[in-house]
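Please open the model in a viewer and keep the selection tool at hand. The stops below are taken one at a time.

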Amino acid sequence: MAESNTDSSQLVEKTEVWTNEEFEAFIDTELTKDPLHKNYPELFKRAPKIISLWRQRYEGNAPLWKRLFKSERVLKEFIEAAPFIDSIERLVLSTELKDGEKFRIIDLACGRGYLSMFLSELLPPDRVERCILVDKQWPMHNLPPKEHHINWSHIYGSLKDSSIPYNYYDSWPVKLNTSKVNLKNSKEVTNMEQRLFQNKGPIVLVAVHLCGTLSLRAVELFNRNPETKFFCLKPCCLPTMVHAKRDEIFKLGEHSFPAKEVCMSGKWKKGEWHGPPRTTTKKYFERWADHLYLGIDDKDATKIKKTIMVQRFGGYQNEFLLAERLPETNPVWDVLQRQVEGESNDEDLSNICQPVGDNS
């Protein structure tokens, strides 16, 4: 059941009087209720400390923290991104970078940016240049947020909002930058590619919860940009019926398929599903994920599609697509190719806890 605004507000008020240790213990208890913690015990162990660091960062700004911290939402975002976070950390720590190179992470349709916020606290700043949070709902770069925008105060603080006395931007270990892009607008996407995909170092392209045809755009971006070393895609809802009614053919590289194979009517309204039975939509979703996977260009890449149970109790959006341009990063793929549900990923973590070339 979704967390109500009233419950969320009461929880925030309750946690305000907790010590950092009490707050972390609460987060740890909530996270260990999810069976996925057995797959990623080390990552789940570190998550409460990271969320506690956010709480400490926004101390003195209760309205912002109340807006940002809805425990069920934050924990859900972490759990559903955990397989990607694990793979990205292994990639970043294990890759031998050339002099002056750093990773750049591009987080598509990021929403408030929880995934990049986690990565900023986890990854070493000397190996990651920045995370770029891409979403059409951000304000324009030089304008203040309006009511329909995602408020970026938690990212920038006083750097963008003079009413806030704290500069949050400089407090992020790995810098976070927002970028307003409508991924359905080809002109905006082309402009984004020219601005963001030019980097002295490898690019990680992350796309979690991409609705409908946005997943097509994400695959196209990976296929089209050889600078993208690593790609993570977790599709969300299916394309709408308008594409099927137009008899559209979706094309990704050399793979194409009729829209009618994957389009589905239906929507959520006030927490209830109005549409075909979930058993039907699940079949369509799995077919959608298969087509997206086949559309990832693997001429110079390794790719994998995995079912990882992050949604339970009727949820079925458990397909994770990952690809890496050659050469493979062995600590990433050794785990991805052997992992089954309930198996710990931490067996080899001690071997990569220091970045390549760092013997300190």
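In which loop does Pro327 lie? Pro327 is in the loop between strand S11 (319-325) and helix H12 (330-336); helices (H or I, at least four residues) and strands (E, at least two) are DSSP runs, numbered from the N terminus. The model is predicted: local features need pLDDT of at least 70, side-chain atom pairs count only at pLDDT 80 or more, and totals for chains, interfaces and linings use all residues. Residues are numbered from 1 along each chain as its sequence is written, and side-chain values use heavy atoms, with hydrogens and water left out.

**Two backbone features**

Select Leu326 together with Pro327: the peptide bond that joins them is cis, with omega near 5°. Next, go to the loop between strand S1 (103-108) and helix H6 (114-122), where Ala109 is found. Ala109 has a phi near 45°, a positive value in a residue other than glycine. As background, most residues other than glycine have a negative phi, and most peptide bonds are trans.

**Helices H3 and H5**

Select residues 41-57 (H3) and residues 71-94 (H5), whose axes come within 11 Å and cross at roughly 120°. Axes are lines fitted to C-alpha atoms, for helices over the stretch in contact, and angles run from 0 to 180 degrees between N-to-C directions. H3 and H5 are therefore oblique to each other (angles under 35 degrees count as roughly parallel, over 145 as roughly antiparallel, 65 to 115 as roughly perpendicular and the rest as oblique).

Show the side chains at the contact (heavy atoms within 4.5 Å). From H3, the residues include Phe44, Ile51 and Trp54, and those they meet in H5 include Phe78, Ile79 and Ile85. By class, this contact of H3 with H5 has 11 nonpolar, no polar and three charged residues. Here Ala, Val, Leu, Ile, Met, Phe, Trp, Tyr, Cys and Pro count as nonpolar, Asp, Glu, Lys and Arg as charged, and the others, Gly among them, as polar.

**Helices H9 and H11**

Move to residues 214-224 (H9) and residues 278-295 (H11), where the axes come within 10 Å and cross at roughly 15°. H9 and H11 are therefore roughly parallel to each other. Select Ser215, Leu216, Val219 and Asn223 of H9, then Trp288, Leu292 and Gly295 of H11, to display the contact. Its residues divide into four nonpolar, three polar and no charged.
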